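Have the viewer open and follow along.

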Amino acid sequence: TRLAGVGPVPAVMFVVAADEGWMPQSEEHLAALHALGVRHGVLAVTRADLADPTAALHAARQRLAGTTLAGVETMAVSAPTGDGLDRLREALDRLVSRLPPPRRDAPVRLWVDRSFSIRGAGTVVTGTLSAGRLRTGDPLELSGHAGTVRVRALQSLGRPVEEVAAVARVAVNLRGVDHRAVRRGDALLTPDRFHLTDLVDVRLHGDPPDTLPAEVTLHIGAAAVTTRIRPLGGDVARLRLSRPLPLHLGDRALLREPGRHRVAGAVTVLDVAPPPLVRRGAAARRAAALAGVDG
């Protein structure tokens, strides 16, 4: 659930409680954010009315040092007293102003994190729209399902809307599919714009390839897919996914060891339709070919 939520975010408010300090969950959250390359953030030490926040602030800054969130603005706040909240609002305004603009002309890939039915409306799915825009009446593909679905209605921030643009949380009322046929990790897609693949070549970030188990769980968007790793050489590997996903070049995904909370690292997708490796030395030649590819 945590990794599904963090997947599409461009920025983060990292919260640590003054009276509890740095927790194991804090370390897990930071590992995921660092692996995804999240660089925009604010550190808020809360509950400053219950304990002196100095120690928690110092410890959190030390933990963030050396990660992609090093140097973010930090402050102590208290909700009951209001201390620091104005500074936090101002910091969040500055944070938003520094974010790169969302790609609102991009094709839609909305990872589904919930699917349910509402009486009189039918199937509703929710997710975070990180690029593109949705309108009532739009035809969409649903990954892993044949045919086309259509947007019957939209809600964002609890209000009905005719159109919603990235970045936004959105609830989509769909025609053409039963809610029981939609699972977490499916994706609503602009038709004919994404390639579903179960075989990708990637660049690994984090643990060395030879220290990873042969089988891991890959997390991208709300999807969690069992994946087999074949190291090709250097930091390049080939992944075989247990089911096809709509991936494109440059996608960043997390790797987690099965049965553990630990994030082992991340991958950047370099090729969504890689060639077969059939001759002796093919893996090494493939790694050399991908060595100069950005990612």
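## The three-stranded sheet

Start with an open sheet of three strands, ordered S1-S2-S3 and paired in parallel. Strand S1 (11-17) and strand S3 (73-76) sit at the edges, each pairing on one side only. From one strand to the next, the twist averages 15 degrees. Keep in mind that this is a predicted model.

Strand S2 (residues 40-46) runs parallel to S3, and four bridges join the two.

## Salt bridges across the chain

How many salt bridges does a search of the whole structure find? The count is 17. In one of them, Arg-169 pairs with Asp-113, with the closest N and O atoms 2.7 Å apart. These two are 56 residues apart: Arg-169 belongs to strand S12 (residues 168-175), while Asp-113 is in the loop between strand S4 (109-111) and strand S5 (114-118). Arg-169 is partly exposed, at 42% relative accessible area.

Glu-163 and Arg-133 form another salt bridge, with 2.5 Å between the closest N and O atoms. Here strand S11 (residues 163-165) supplies Glu-163 and strand S7 supplies Arg-133, 30 residues apart. Both ends are partly exposed: Glu-163 has a relative accessible area of 38%, and Arg-133 has 26%.

## A buried pair and its network

Next, look at Asp-271 and Arg-286, a salt bridge whose closest N and O atoms are 2.6 Å apart. Asp-271 is in strand S19 (residues 263-271) and Arg-286 in helix H5 (residues 282-290), 15 residues apart. Through shared partners, salt bridges tie Asp-201, Arg-238, Asp-271 and Arg-286 into one network.

## An aspartate without a salt bridge

Asp-138 is in the loop between strand S7 (133-135) and strand S8 (139-142). This residue is buried but has no salt bridge.

Arg-135 does meet Asp-138 in another way: the backbone nitrogen of Arg-135 is 2.9 Å from a polar atom of the Asp-138 side chain. Leaving out residues up to four places away in sequence, Asp-138 touches Arg-133, Val-149, Arg-150 and Val-151.

Technical notes. Residues numbered from 1 in each chain as written. Predicted model: local features only at pLDDT ≥ 70, side-chain atom pairs only at ≥ 80, totals over all residues. Heavy atoms only, no water. Buried < 20%, exposed > 50% of the residue type's maximum accessible area, 1.4 Å probe, protein only. Lys, Arg positive; Asp, Glu negative; His and termini not counted. Salt bridge = Lys/Arg side-chain N within 4 Å of Asp/Glu carboxyl O. Polar contact = N/O pair within 3.5 Å; in protein donor to acceptor, adjacent residues only side chain to side chain. Contact = heavy atoms within 4.5 Å. Pairing = 2+ DSSP bridges. Axes fitted to C-alpha atoms, helices over the stretch in contact; angles between N-to-C directions.
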